[in-house]
Amino acid sequence: MTRGMLTYIGQRLLLIAFTVLVVSFVVFLGIHSLPGNTFVNERVRGASLALLLHEYGLDRPVLVQYWDFISHAVQGNFGVSIVNRGEAITPIVLRELSVSAELGGAALLLTIGMGVTFGVIAALRQNTWVDYSLTTFAIIGYSVPSFVIASLGVLIFGVWLFDVTGGAFYYPLTWDGTYGTVVELTVPAVALGLFTSSLVARITRASMLDVIHQDYVRTARAKGVKNRVVVVRHALRNALIPVTSVLGPLIISIITGSVVIENIFGIPGLGKEFINSILSHDYNVTVAVFTMYALLVGVANLAVDLTYTVIDPRIRY
Amino acid sequence: MTQPVLEVRDLSTHFFTDDGEVKAVRGVSFEVMPGETVGIVGESGCGKSVTAMSLLGLVQRPGKVVHGEIMFKGQDLLKLNKEELRNIRGRDIAMIFQDPLSSLNPVLRIGFQIDEAMRSHDKIPKDDISQRGIDLLKQVRVPDAVHRIKDFPHQFSGGMRQRAMIAMGLSNKPDLLIADEPTTALDVTVQAQILELLRDLNEQTGAAIILITHNLGIVAGLCRRVLVMYAGEIVEEGPVEQIFESPQHPYTWSLLRSVPRIDSNRQDRLLSIEGLPPDLIDLPVGCKFNPRCPFRIERCFNEPPVIENVADAQRAACWVTMTRAYDEMNAATITDTSPGAASGVHPRGRRPAADLTPAATAETLSD
Amino acid sequence: MAVVAAPRADQEFASSTLVREQASLWRDGLRRLRRNRLALISAVYLILLGLVAIVALFWTPYPTSAIGVAQIYSGPSGSHLLGADELGRDLLSRLMAGAQISLSVGLLSAAIVLGIGVVVGLTAGYFRGWVDGIISTVINIFYGIPALLVALLMVTVLGRSFTNVVIAISATVWMDVARLVRGQTLSLREREYVEAARASGARSGKILFGHILPNALGPIIVAVTFVIPSAILFEAFLSYLGVGIPPPTPTWGAIASEGVQALRLSPHILLFPSIALSLTLLAFNFLGDGLRDAFDPRQKR
């Protein structure tokens with residue numbers, strides 16, 4: 001690793017820290033400017049309300065509250081939940097992060113595996129029925145919203161085929177902290193990854209078609225390199241460069257999608273917590289989860305950009 | 001008498017496009033002796049590159065070799081299956097291309113790409129491959145080869161990339177090297193270096209070279225024999241000095257007249273060839289050069305000329321030939337090279353200007 | 001005198017060839033579009049959907065929010081073509097009204113995004129320097145955060161309403177168009193006819209809106225076409241999660257969400273809005289692809 005590379009990573013980490021700070025600040029201010037408060041649903045009034053607000057430090061100026069939040073957050077302490085009185089947020093969020101990461105990871109694998117494979121096949125069989133069906137499938141895949149696919153998944157596998165599946169992908173209501181099994185993950189991961197894999201398939205196809213007519217592919221053939229090696233080593237490796245460039249947006253899309261998927265399938269991850277916290281006005285949790293998301297996206301984008309240097313030697317930071 | 005290393009008989013390659021059948025190469029025949037250097041010259045689109053690609057079975061859809069024989073060391077390359085042909089490519093017949101930047105894979109190291117050529121075949125023992133890669137790079141005069149072999153193509157200059165391509169081509173000690181416009185993308189000074197390198201390598205390794213170019217000067221610098229192609233056919237062939245001295249086909253004559261020469265006397269004015277090459281879908285009847293030829297006669301519009309001996313070791317496909325044009329049409333002094341200008345022959349119902357328009361324009365093709 | 005006249009002649013020449021060039025570009029584009037059958041079918045579908053939305057303004061088979069016009073959870077029947085929901089409301093009427101919501105959200109957001117994108121992109125691309133630096137950084141920051149989740153928070157903070165949903169969506173998807181306009185401006189400002197206009201002393205505004213913008217129009221239209229389905233998707237997504245336009249407004253996302261609750265009993269409540277939504281998104285995507293092939297040939301594969 002070169003010195004320039006380390007400097008670059010350092011700069012990027014600083015930028016991530018800055019972005020996370022700004023995002024958490026804006027979200028914090030926004031959420032605290034909401035009319036009413038967390039206890040509005042609990043019919044607490046007068047002195048007891050003042051006492052509650054005081055207990056959670058909610059009667060202080062908002063900037064003081066933010067300072068309190070962020071100075072603890074950088075030490076890894078997101079404070080306590082207001083709805084579930086006094087429960088520490090950090091351990092919950094971390095546990096939920098691992099659940100979400102598992103689902104998101106599965107969807108990402110599916111996205112890249114399925115997307116690249118179908119894209120390559122479609123390109124190699126250009127203008128045949130294989131190409132046409134894969135292309136059409138991809139357009140449908142990125143037009144049908146993930147929540148529709150997920151709902152249909154629930155309908156088909158959870159209702160119509162209940163006798164066969166036993167509703168395998170439902171997480172028990174009282175989650176015991178174990179990870180989902182392959183069976184449990186399949187339907188949610190497909191629902192989550194279908195949109196992104198359609199996108200990857202489209203990009204891979206287009207970029208394979210472009211690359212396959214490049215001079216260096218002809219050179220490889222002229223050298224007598226085996227066809228399979230030409231396709232994988234010479235064509236695909238170059239075709240993956242544009243695919244890598246959309247990995248960042250893809251990861252964001254998967255994170256976004258996970259919010260709805262987790263809610264539909266009742267998967268106890270960050271996304272479910274995010275919506276729950278908004279609906280129940282548990283604002284400390286909302287801010288914590290969103291800060292987590294900003295951090296996640298920043299790190300993922302950095303990882304993608306570093307992958308770029310591995311896959312394309314012309315790029316140096 | 002030695003056997004030719006390559007013998008091409010009546011080769012035709014067509015492209016089956018939506019607009020029609022593009023007859024890019026038609027009935028091309030020639031041979032290459034071991035260690036010989038042969039140039040193929042012609043304007044862009046005359047079929048010289050397609051001929052080269054056909055030799056190695058590299059013509060991609062919608063193109064297809066429709067007819068002919070390519071005899072290489074006693075076997076017909078067109079009758080081989082994919083795997084057998086792959087084993088000839090890069091091993092016995094190597095090819096280098098015009099643009100050395102786009103022809104090298106940008107994401108693989110130079111050394112890897114050279115080694116890959118050897119690893120794809122079993123000619124070079126596995127243990128020798130990495131050392132031979134460095135030796136080859138030294139042989140094509142890349143400075144600091146030991147270190148540069150780990151570079152990526154973008155770290156090489158244009159000339160060095162072409163050297164690396166040549167090293168790759170030579171790695172399996174081929175019998176024949178096909179160089180398709182190897183110097184076109186390079187600076188003039190680098191061009192000269194690459195040509196000198198090719199000449200030296202031809203002497204050192206004994207590999208025959210087919211040099212494809214639109215530049216007659218490059219042919220003169222490297223080749224012993226030259227084939228002139230026009231509209232998918234060979235119109236003239238012979239030893240380089242002889243062709244340069246007394247071209248017999250009007251096309252060759254015009255080509256030579258359009259190149260500035262230091263040794264020419266003042267009266268030889270630079271003349272350009274008027275008009276465009278014919279549309280390869282809808283070819284003219286008779287001689288394919290007749291729409292542009294200043295020396296055409298009636299026969300040129302009716303019968304396609306057959307290539308035949310016009311002098312010792314020199315053949316041309318022309319009903320007139322330049323000897324007759326000099327004798328009867330004052331070819332030495334003409335200044336007007338428009339179609340039929342020297343012979344005064346214009347076909348019925350056609351104005352001279354109509355000859356200059358290509359038969360099919362983009363407009364008529366798109367419908 | 002001659003010195004003054006020359007550039008003006010240049011400019012006239014430049015703009016007249018420009019007009020001709022554009023005219024033929026548009027004609028070619030329309031011809032290419034007519035050949036694209038999927039894009040045409042999509043356009044027809046979308047026009048029909050638009051008509052349905054307009055009709056729904058004045059007439060629906062039953063009042064959209066009238067409870068108990070049908071038996072609750074009843075499936076499709078002669079009097080209720082698409083059945084009824086958990087409160088006995090007529091589903092067809094609600095879907096018709098939903099089309100109106102989806103299309104207005106899509107079109108309004110696209111219009112706002114077009115406005116933001118053009119202003120921001122032209123500014124960044126034309127003035128370059130530190131202006132471009134700041135704008136590009138902001139664009140990159142926006143690209144670095146999950147847009148949909150920001151929209152979700154915005155709606156929560158601003159309050160759940162149609163207007164706020166449109167604002168939140170526009171505020172989070174404007175970057176594509178802005179970046180495109182910026183790129184187009186950067187390359188177009190170096191063209192000869194722009195140079196000629198500048199040499200003749202044309203004002204910045206005239207150059208931007210008279211020369212640069214018309215030439216960037218093709219790609220911009222294509223990009224804006226793709227904003228419409230994302231806006232519709234965002235809206236459906238928010239409604240589905242229960243944080244979008246509040247009930248009883250019948251949005252497709254909200255109806256689908258109600259359908260999930262009644263999945264076992266009457267899956268048609270989920271299926272019909274899902275189909276309507278998917279077909280609409282599909283049509284916009286096909287149309288966008290068709291427009292891109294027709295009017296942005298450089299992107300064509």
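In chain C, among contacts with a separation of 6 or more, 68% join residues 24 or more positions apart. Keep in mind that this is a predicted model.

Staying with chain C, what does the secondary structure look like? There are 11 helices and 0 strands. Written out along the sequence, the pattern is α-α-α-α-α-α-α-α-α-α-α. The chain has 301 residues, and 44% of them count as buried.

Next, the contact between chains A and B. Chain B puts in 23 residues, and chain A puts in 19 residues. On the chain B side, three helices each supply at least two residues: α2 (82-88), α3 (100-103) and α4 (110-119). By residue class, that side of chain B splits into 10 nonpolar, 8 polar and 5 charged.

Now one residue, Ser151(A). It sits in helix α6 of chain A, which covers residues 146-160. Is Ser151(A) buried or exposed? Ser151(A) has 26 other C-beta atoms within 10 Å, and the threshold for buried is 20 or more, so Ser151(A) is buried.

Which residues does Ser151(A) touch, leaving aside neighbours within four places in sequence? In chain A, the partner is Ile264(A). From chain C, the partners are Ala256(C), Val260(C), Leu270(C) and Ser274(C). So that I give a distance as well: the C-alpha atoms of Ser151(A) and Leu14(A) are separated by 40 Å, and those two residues are 137 residues apart along the chain.

Technical notes:
Residues are numbered from 1 along each chain as its sequence is written. Chains are lettered from A and ligands numbered from 1 in the order in which they are written. This is a predicted model: local features need pLDDT of at least 70, side-chain atom pairs count only at pLDDT 80 or more; totals for chains, interfaces and linings use all residues. Helices (H or I, at least four residues) and strands (E, at least two) are DSSP runs, numbered from the N terminus. A residue is buried if 20 or more other C-beta atoms lie within 10 Å of its own, exposed if 12 or fewer, and partly exposed in between; C-beta atoms are placed from the backbone. Two residues are in contact if their C-beta atoms, placed from the backbone, lie within 7 Å. Ala, Val, Leu, Ile, Met, Phe, Trp, Tyr, Cys and Pro count as nonpolar, Asp, Glu, Lys and Arg as charged, and the others, Gly among them, as polar.
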